Amino acid sequence: MRALRKRLAPSKIARSDPAPSRLAYRLQRLSLTPSFHRFLRLGLPLIAVLGATAWLGSKPELRAEVQARAMDLQAYVQQRPEFTVHMLAVEGASPELINDVREVLPVAFPISSFDLDLDALRAVIAELDAVADVSLRVQAGGVLEASIVERTPALVWQTRTALILLDAEGHRVAPIEARAAHAQLPLVVGPGAKDAVPEALRLLQVAQPVAGRLVALQRIGERRWDVVLTDGQRILLPEDAPVRALARAMAVDGAQELLARDVAALDMRLTERPTLRLRPAAVEALWTMRKVTLDEEAR
Amino acid sequence: MKDFCAAQRAMRNIRKAAMQRGVVAVLDIGTWKVACLILRFDGPDLSAEPDGIGAMAGQAQFRVIGAASTCSRGVRFGEIDGMAEAERAIRTALQSAQKMAQQRVDHVIVCFSGAEPRSYGLTGEVEVSDEAVSEQDIACVLAACEMPEFGEAREILHAQPVNFALDHRSGLIDPRGQIGNRLATDLHVLTIEQTAVQNLLYAIKRCDLELAGLASSAYVSGVSALVEDERELGAACIDFGAGTTGISIFLKKHMIYADTVRLGGDHITSDISKGLPVPHAFAERIKTMYGGVVATGVDDREMIEITSETGDWEHDRRTVSRAELIGIIRPRVEEILEEVRDRLLAAGFDQLPSQQIVLTGGGSQLQGLDGLATRILGPQIRVGRPLRVRGLPQAATGPDFSSAIGLCLHAAHPQDEWWDFEMPLERYPARSLKRAFRWVKDNW
C-alpha cells in the first residue's frame, strides 16, 4: 500500500546540531572583544589606505598616471568659468595713474584666478611712485579689483634737469613738465632737498608772514636751507634748529620790517650773531650817511 | 592536599581578577541541561546599610546580563561522560548567553552534581598564641585539623570552617579578637573524585575559558533555595536533578553535610520509556505534562494518547490512563526518597533542632511530590524556588535553575574556606626556612 503520509527525507529528519562549531564559537568571542572592534574601526582602514598607497607608490608608471590625472583634474577645475578673471578695476586713482597701473600690471585677461599671484602683483603696483598703498582682491564676477591710495603732492622739487612732485614724506609722486601746472605748491631746490622734506614743510609753515614773497627753499650743500625771496633776498638758516632761527628772523621782520629794506641777505647761521648783508646802493647810502655825520662832528 | 590548596588559591585569584573586570559567567553542568548565566558586577551596593544585609539580601551588587540553557549532552550522573559532546553543550550555552549579554566572558565558575561527594567533619584544637585570637591562630587551628584518609584519587572541593569554640564557649562565628586560651574548630570537608574534576577542567579549557571557581551543586542549590531562617535553624535541601539527587544539610548558616544519590529524573523517564514502550523523548514529554505521584479516581479516566510512527496501526494509536503513568512513576520516586531518607538518617539529620526539608531542582516540579515526601521524609516539607536576583529572565526563575542561581550568590559572596587563610608559618617546610636564614647570614 502506498504510504498515506509524505515521508521526509532522512537528512531532514536528523536535526541539525545546535552547537556552534569551534571556529564559529571562537569567531563570536572575537567579535565580542572590544579591542578587536577598535582594530576593525581604526586599524584596518588605516592599514588598507597605507597598503594601497604603498602599492601605488611602488610602481612608477602608476604613479605617473595618478599624477597626470591629478594635474588634469586640477587644470579642469581651474579652467572653469567660475574661476576666470576678465577685467581689472582700479579704485581711488587719477586717470593717469590708472593708465600706469594697467601698463605695469603683467596680466593678460582672461586668466584663471588660480594663476594670479596677488602678492607679486601688489608688489608691482606698490612700486609705482604715486601709489602710497594698494590692496588687490578678486571679486565675484571675475573682476580683479585694486584699491589704491594715491600719494598727495606737497612740494615741487627742482633739480638740475627736472621738476618732480614730492609728497609730505619726501617720496617721489610724479615728474611734471611745467611749474605752472602746480603753482600753488611751494618749490624746493637743490640736491638733497628730497631727503629733508618734513623740515622744509615746517620751515614753510613758519615762513607764512613772507609767503607772498617766497620763491623757494634752497638746500645748500645737502645740509642747510636758504629761504629765497623775491628780488634775490635770502635768509640763510643754520644747520641746527633752522625753524627757530627762521622764527626769529620772522619776528625781527615783523617788528622792524627788515626784509622790506634794501637787504641782500639775512644770515642767521650763527645764532648769537645774526648778520645783514646790504646791497651796494644801501652800502653807499650808509657810507654817505656816516660821512655826513663825521663831517658834522669834525666841524 | 597542599597542591589542591594551591589550585584553589589560584582559582580564588582568578575570581578576584574576574571581579575586577566586572564580568563572570556561572555554568551549571547538569545531566538534563547546561545553564549559563553571565553576571555583571557593578561594585558594592551603595544603598545598603553599612551593617545590615541590604537590598535583595545583599545580592544587589550583581546583575544577570545573559542567560541561556541548552540540552545537556555527554553528561551522565552529573559527570562528564563524553568530552566532545559536553564541550559542545557548554559552547552552545555559553555562546547564546554571550550573545544575549553582548559581552565576552573569559572567567567561569562551575558547579556540578556528580563525582560522588563525601562529607567529613574534622576538628582541630590549638593554644592561642597571643592573648586574643588573631587570624594567624585561625589559620593554625584550621591547619591543626587532622585529615582523615580520603581514599585514592580524591580531592577536596569545599573545606569550610563551620564552628569555632574558645574555652568551652562553642558556636562562635568569628572568634577573632576574642580572648581565650584554647581555640577549637569544626571543619566541614567535601571531597570528590579527582578524575571528574580533571575532565571538567579539560572541557572548560577546551572552550577557551578560565576556571574561577568550583562548587558542589548540592551546596549551591541549598544556598539559593533555603531562606535565612532555615539555614540558621537547620534544614536539608533536596535537589532533584535529572541524573543525581543532591542532599545538603545546613545549620547555623553553614553547610554541615552534603551527599548525592545517583538516581534522578532520568531514571523515571527511562522507567516510563521501558514500561509503555515509547521513545525516550516522548516519555520525557508525558512525564512533564501528565506526571504525578498520587493517583485519584479521575486519573483512571484521563487517557493519554501515545502516538508513534511505526506503521503498525494498533501500536501507533495506543492510549494509557494517567493512573498507569503514575503507577510507573511513583515506585521510582519512592525509591529516590527512601534513599534520601537513609542518607539523611546516616548524617544525623533527625538530631537537628529544626527538620525542615526543601525540595528543589527540576524533578521537584512533579505534581504531588511534596505529599509523598511528607510521608517518607518527615512533616516539614516545602517546594523551594530559588532566590530572585536582578536581571534574571522569567524562564530561568524556576526550581530547575536553583543551582545556577545559587552559584551566582556563591560567586558574589563566597564562603570562607580553608585556603582563604594564610598557611601558618610552621607548615612551611623547615628546610627552606633554614636555607633562607643561611642566605641572610651569608649575605649580611
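Two residues are in contact when their C-beta atoms, placed from the backbone, lie within 7 Å. Keep that in mind for what follows. This is a predicted model.

Take chain B by itself. Consider its contacts between residues at least 6 apart in sequence: 71% of them join residues at least 24 apart. Chain B has 444 residues, and 43% of those count as buried. Its secondary structure comes to 14 helices and 18 strands.

Now one helix pair in chain B. Helix 11 of chain B covers residues 322–346, and helix 12 of chain B covers residues 369–376. They pack at an angle of about 45°, and their axes are 10 Å apart. Because of that angle, helix 11 of chain B is oblique to helix 12 of chain B. The crossing of these two helices is right-handed.

Who makes the contact? From helix 11 of chain B, we have B:Val333, B:Glu334, B:Leu337, B:Glu338 and B:Arg341. From helix 12 of chain B, we have B:Leu369, B:Leu372, B:Ala373 and B:Ile376. Sort the residues of this contact by class: six are nonpolar, three are charged and none is polar.

Next, the interface between the chains. How many residues of chain B are in contact with chain A? Eleven, and they meet nine residues of chain A. Helix 2 of chain B, residues 83–101, gives the most to that side, with six residues. By class, the side of chain B that touches chain A has six polar residues, four charged and one nonpolar.

That's the tour.

Key. Residues are numbered from 1 along each chain as its sequence is written. Chains are lettered from A and ligands numbered from 1 in the order in which they are written. This is a predicted model: local features need pLDDT of at least 70, side-chain atom pairs count only at pLDDT 80 or more; totals for chains, interfaces and linings use all residues. Helices (H or I, at least four residues) and strands (E, at least two) are DSSP runs, numbered from the N terminus. Ala, Val, Leu, Ile, Met, Phe, Trp, Tyr, Cys and Pro count as nonpolar, Asp, Glu, Lys and Arg as charged, and the others, Gly among them, as polar. Axes are lines fitted to C-alpha atoms, for helices over the stretch in contact, and angles run from 0 to 180 degrees between N-to-C directions. Angles under 35 degrees count as roughly parallel, over 145 as roughly antiparallel, 65 to 115 as roughly perpendicular and the rest as oblique. A crossing is left-handed if the near helix is turned anticlockwise from the far one by less than a right angle, and right-handed if clockwise. A residue is buried if 20 or more other C-beta atoms lie within 10 Å of its own, exposed if 12 or fewer, and partly exposed in between; C-beta atoms are placed from the backbone.
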